[in-house]
Amino acid sequence: MKKRPAETTSMVINYAILVILAITTLYPFWHVLMYSVSDSRAAMSGGFFLWPRDFSIKAYQLLYRTRMIITSYGNTIQRTVLGTFLNLAFSASLAYPLSLKRFRLRGFLTMMIFFTMLFSGGMIPTFLLVRELRLIDTPWALILPTLVSPFNMFIMRNYFQSLPASLEESASLDGAKPLRILLSIILPLSLPVIAALGLFYGIFHWNAFFDGILYINDPQKQVLQVFLRNIITVTAIGSTTTIEDRALGAGLSEESMKMAAISASIVPIIIVYPWLQKHFVKGVLIGSIKG
Amino acid sequence: MAKKMYKEPVRRRLKREIGAIKRDRLLYIMVIPGVIFFLLFRYVPMYGITIAFRDYNLFRGFSDAPFIGMKIFNRMFNTVAFNRAFVNTIIISLSKLAWGFPAPIILSLMLNEVGHMKLKKAVQTSLLLPHFMSWVVIGGVLYMILSPNSGIIRDIAELFGKGESVVNVMGDKRYFRTFLVVSEIWKGMGYGTIVYLAAIAGIDQELYEAARCDGASKPAQIWHVTLASIRPMIVLMLILRVGHILGAGFEQIFVLSNPLVVEVADIVDTYVYRIGVEQANYSLGTAAGLFKSVIGLIMVLGANYVAKKIDEDSGLI
């Protein structure tokens, strides 16, 4: 079929806009990465970075020497691994019974959980509760208050419901215990949804910073994102100033330090990104099927 | 039905029920940890809302604090700070709704027109990247781009000899809200397209054939076939958005706000944090949070009701 000239023009414009948009989302991250491995003085002259200028990893070395980045990295990895595991375990232990028609509390619990999606106590009562429970400055403050996301739990329940009911029923009639059925029949068949929710929860933990600000005062217990925020925010007080002082002493610009810190937090995401985005897209689509 | 239904005696039915529950008792035990989580971390804070109606402070325990009715709310509605935060919240979230809601739909339509599959995939993959970054990271990255002293935008402007005229969008009251809207769209547009593109992919190709046979132009096809087909998805997404009408983007504003723009950027959530956590005025902070939650609840139920009126199949609940 022959295309009219007007259609060709609009097609070209369409392609151009999309490519420009794609560049505006990619380049800023590239810029940060390249800046972080450039020599401070060379980087200061500004402009675009296609490649590093006078390759240097001084900023990373200094960052590493402050030790705080290692501590906060460790705290973030801890909350991400342990948190995601517990998120999945608790979500599954609710989703499985709620997926069964014969479970008598199904309607009641579904309503009870659904209601929390519509209404919440808010920041202050939750904060006071966490404090009452003596969780402040413990890793649990970052894990327990967000243990089950109702939205994710319902995605899981819907997925379980879509599996053939006969599998579960026959295992149950054979006398298999529920936990056994969940672990050896339901979960192996639900790997796509487990992977997707693991990603949702994992990304949440990796990027979360506000709960760190609310519940963690001890710098040794702080998470990466909050450490990063302290470095980025010029007005920040405390450990930041010493880092900046040291940076200036070592002939490094403040910018180089910031870029190195940002890079340190995004490199893990970028490394797994090709895999991540593929499974993430699948996961969002599993979740968007109305249940 | 003519035949009389057999009615089981109550006692026997009860016995059968108990038997069924007993057989599945492990299932009931299994939900206990999850239920405890919801009771403790979701329902206890809801009860904690009562401190908005109590004279609560650190030295007096929770249950000792006397009820004082709506006093705190009356005081709150009379403060400049709360009213400013409320107005800002409405303005920011409505702007985000007006610009941010159509953005992924338009983008999906544009992507759908790309015939080159590899290019389409590459663009999609690139657009999704910022979604995986925290606002802390995005804030740092945007500063590198937009800073009027050292940002790339300034470098570009200098090429045209206009380096001095670059405005500080991150620190100027006139531009800050626009900056909030644009940066949120930028971060979330790739994510937003996922569901729409999937919905578009599910459209029956014969509909397009039929439209072409009827002589429908490209824009007409997009309007009558593509958009018409994904309408239920659009409505569903709109309900979800409207429910968060008072969530103007707490993490974003918490990171990007600064003293230069606080007048136009302070929203209810940042107000709650400042009053409730930083100033430890728990009752006032809770009251402001409750006000927000109640409006959110009304909005989502209202939006759901309206959606059901328009289209039986749409709606969330």
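In the predicted model, the centres of domain 1 and domain 2 of chain B, taken over C-alpha atoms, are separated by 37 Å. Domain 1 of chain B covers residues 10–46, while domain 2 of chain B is made up of two segments, 80–132 and 189–310.

Chain A contains 15 helices and 0 strands. Its radius of gyration is 24 Å, whereas the globule rule gives 19 Å for 291 residues; the value for chain A is well over that figure, so the chain is more spread out than a compact globule. Along the principal axes, the C-alpha atoms of chain A fill a box of roughly 75 × 70 × 35 Å. Of the 291 residues in chain A, 38% are buried. When contacts in chain A between residues at least 6 apart in sequence are considered, 72% of them join residues at least 24 apart.

One pair of helices in chain A can be described in detail. Helix α5 of chain A spans residues 106–118 and helix α8 of chain A spans residues 150–162. The axes of these two helices come within 9 Å and cross at roughly 140 degrees.

Notes. Residues are numbered from 1 along each chain as its sequence is written. Chains are lettered from A and ligands numbered from 1 in the order in which they are written. This is a predicted model: local features need pLDDT of at least 70, side-chain atom pairs count only at pLDDT 80 or more; totals for chains, interfaces and linings use all residues. Helices (H or I, at least four residues) and strands (E, at least two) are DSSP runs, numbered from the N terminus. The radius of gyration is taken over C-alpha atoms; the globule rule is 2.2 Å times the number of residues to the power 0.38. A residue is buried if 20 or more other C-beta atoms lie within 10 Å of its own, exposed if 12 or fewer, and partly exposed in between; C-beta atoms are placed from the backbone. Two residues are in contact if their C-beta atoms, placed from the backbone, lie within 7 Å. Axes are lines fitted to C-alpha atoms, for helices over the stretch in contact, and angles run from 0 to 180 degrees between N-to-C directions. Domain bounds come from an automatic or database domain assignment.
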